[in-house]
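Trainee: I would like to learn how to read sheets, helix packing and aromatic pairs in a model. Could we go through them in turn?

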Amino acid sequence: MVRLTVYGGAGEIGGNKILLEDDGRRLLLDFGISYARRGQFFEEYLKPRTAAGLTDLLVTGVLPEVAGIYRRDLLALGGPRMPPGHAEPAVEALLLSHAHLDHAGHLGFLDERIPTYCTPVTHAILLAMTQSRGRDFEMELINFRPRPAFPDTRDVTIPRRFVMVEGEFEASRLACRVLPVDHSILGAAAFLIRTSRGNVLYTGDLRFHGPEGALSEALLEQAHAAGVWLLLAEGTRLDVTDRRTEAEVYGECLAAVQQARGPVIADFAPRDLYRLNTFLQVARETGRWLVILSQDAFLLDRLRGMHPLVPDPAAEPILVLKERKVSGTYSARDYMRWERPIIIWRNARTADDLRPERDRLILALSFWDIQNLVDLGVGEDTLYIRSTSEAYTEEQALDARRLDNWLDLLGVRHRLHSHASGHASQPDLARMVEVLRPEVLVPVHTTTPALWRTVAPGTPVVEPILGEAVVW
């Protein structure tokens, strides 16, 4: 008997938390943040209380009430609706598709004895994210400080168990295969899991139109050959037919930057090294420097040699913006939180250093870094390129308006939107189902699950209900 319970990702984009059970064997598929649910109760200055453990997250439904999966130290803090702990974890493994926080962001609350299976690149990205951001209750993805923390335990950390996988492996006593896919972050993968009813394919997030689209095509070939009984399919862009490619983004941005007479701002998602490479190539072609932030440099350092698309900053036209930190004086003490010196600090420049060269720069700055533009001296001759998706939520729409306010204030009038999505569009999703021919399709990571019946006619679709098990 196979049971599937979707605790996150049902009727929403992101927040995937899926429990797969097969005759007593239990594993989780991703454990991410539901930003829609979290945004209903929390914001920048209203956060879950660290001292209350999981209480606030459980009461609000941001975390599901599932016994035996959470950290024992957080359970011990008590509070209403706290699920009971177990001598042993109630699940035997977690398969992590990739490092985006809507899939990985709540790993830090799970019992550390539950092994997390992921690709080596995904683990390296998670490590860089946690090391570059310092201590954060909601970002203890690799290791954690047990709570409550007293002065004599503040330096104590407990590691989470990770198993880096390639090819075939076994998890929760089930035969599994990791199948790399193309997405907007390196290291993304789908999982093929052999159950007593047949093979379950969990797509994670994927696309077929990106620089590594061949990986997703290979997934179709291999999964078709193995046979798919149940397809757990993402459908972020199930209602979108546009299939814009990274090559088109490159062409548009290159043409715009060739016409630019001042500095260029490139606003794209953190950790999207595909897009970083696009703007790096534009920088090469136009004789400019690509200026990245210290956390970007830290990520490149951690991924060095792990993937052919990770550039070597020492051999490329890349500079690192040395941002103002605590003292405002660029003192070495301001940058002590890095675990080790970044290999390319010799390429670090302050805003004062960069200002005389402003017309030869492509500044990789997102909305969250926009205040650096005050120091860099941008103005009417500046080109701003937004290379991110449209705002999906009310909060994202507010951020977009704040960004426009900053650009208006600084006099930035030349603006371009050029983006290629990290998710497959409707035609590719329809083709995926046509090739795989699953007996059952369970839609996740989409706000339009019912549309699958039109996109994939003849394929039985079972729409999951949050927290309710489906049994076969």
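Trainee: Which residue stands opposite Val 178 in strand 11?

Mentor: The model is a predicted one, to begin with. The residue opposite Val 178 is Phe 191 in strand 11. Strand 10 (residues 174–180) and strand 11 (residues 189–194) pair in the antiparallel sense, over 5 bridges.

Trainee: In what order do the strands of the open sheet come?

Mentor: The order is 9-10-11-12-13-21, which makes 6 strands with mixed pairing. Strand 9 (167–171) and strand 21 (440–444) are the edge strands; each has a single partner strand, so one side of each lacks a neighbour in the sheet. On average, neighbouring strands of this sheet are turned by 20° against each other, direction ignored.

Trainee: Which strands does helix 6 lie across, and which does helix 13 lie across?

Mentor: Helix 6 (residues 213–226) lies across strand 10, strand 11 and strand 12 (199–202), and runs at about 150° to strand 10. Helix 13 lies across strand 12, strand 13 (230–234) and strand 21, at about 170° to strand 13.

Trainee: What describes two packed helices?

Mentor: The description consists of the angle between the axes and the distance between them. Here, helix 7 (residues 246–259) and helix 8 (residues 273–286) pack at an angle of about 35°, with axes 10 Å apart. Their crossing is right-handed. Residues of helix 7 in this contact include Val 249, Tyr 250 and Leu 254, while those of helix 8 include Phe 279 and Val 282. The contact divides into 8 nonpolar, 4 polar and 3 charged residues.

Trainee: At what angle do the axes of helix 5 and helix 9 cross?

Mentor: The axes of helix 5 (residues 120–133) and helix 9 (residues 294–303) cross at roughly 145° and come within 9 Å. This crossing is right-handed. The contact of helix 5 with helix 9 has 7 nonpolar, 3 polar and 1 charged residues.

Trainee: What describes a pair of aromatic rings?

Mentor: The distance of the centres and the angle of the planes describe such a pair. The structure holds 7 aromatic pairs. One of them, Phe 109 with Phe 137, is tilted, at 5.3 Å centre to centre and 55° between the planes. Phe 109 is in the loop between helix 4 (101–104) and strand 5 (116–118), and Phe 137 in the loop between helix 5 and strand 6 (143–144), so the pair ties together parts 28 residues apart in sequence. Phe 109 counts as buried because its relative accessibility is 1%. Phe 137, at 7%, also counts as buried.

Trainee: Is the pair of Phe 268 and Phe 279 stacked or tilted?

Mentor: Phe 268 and Phe 279 are stacked, with 5.6 Å centre to centre and 15° between the planes. Phe 268 lies in the loop between strand 14 (264–267) and helix 8, and Phe 279 in helix 8, 11 residues apart. Both Phe 268 and Phe 279 are buried. Separately, Tyr 117, Phe 169 and Phe 191 form one aromatic cluster.

Trainee: Why does Ala 424 count as buried?

Mentor: Ala 424 counts as buried because its relative accessibility is 0%, where the cut-off is under 20%. Ala 424 is found in the loop between strand 20 (414–417) and helix 13 (426–436). Leaving aside residues up to four places away in sequence, Ala 424 touches residues including Leu 206, Phe 208 and Leu 429.

Notes:
Residues are numbered from 1 along each chain as its sequence is written. This is a predicted model: local features need pLDDT of at least 70, side-chain atom pairs count only at pLDDT 80 or more; totals for chains, interfaces and linings use all residues. Side-chain values use heavy atoms; hydrogens and water are left out. Axes are lines fitted to C-alpha atoms, for helices over the stretch in contact, and angles run from 0 to 180 degrees between N-to-C directions. Helices (H or I, at least four residues) and strands (E, at least two) are DSSP runs, numbered from the N terminus. A crossing is left-handed if the near helix is turned anticlockwise from the far one by less than a right angle, and right-handed if clockwise. Ala, Val, Leu, Ile, Met, Phe, Trp, Tyr, Cys and Pro count as nonpolar, Asp, Glu, Lys and Arg as charged, and the others, Gly among them, as polar. Buried means under 20% relative accessible area, exposed over 50%, partly exposed in between (1.4 Å probe, protein chains only). Contact means heavy atoms within 4.5 Å. Two strands pair if DSSP finds at least two bridges between them. Rings of Phe, Tyr and Trp (its six-membered ring) pair if their centres lie within 6.5 Å; planes under 30 degrees apart count as stacked, over 60 as edge-to-face and the rest as tilted.
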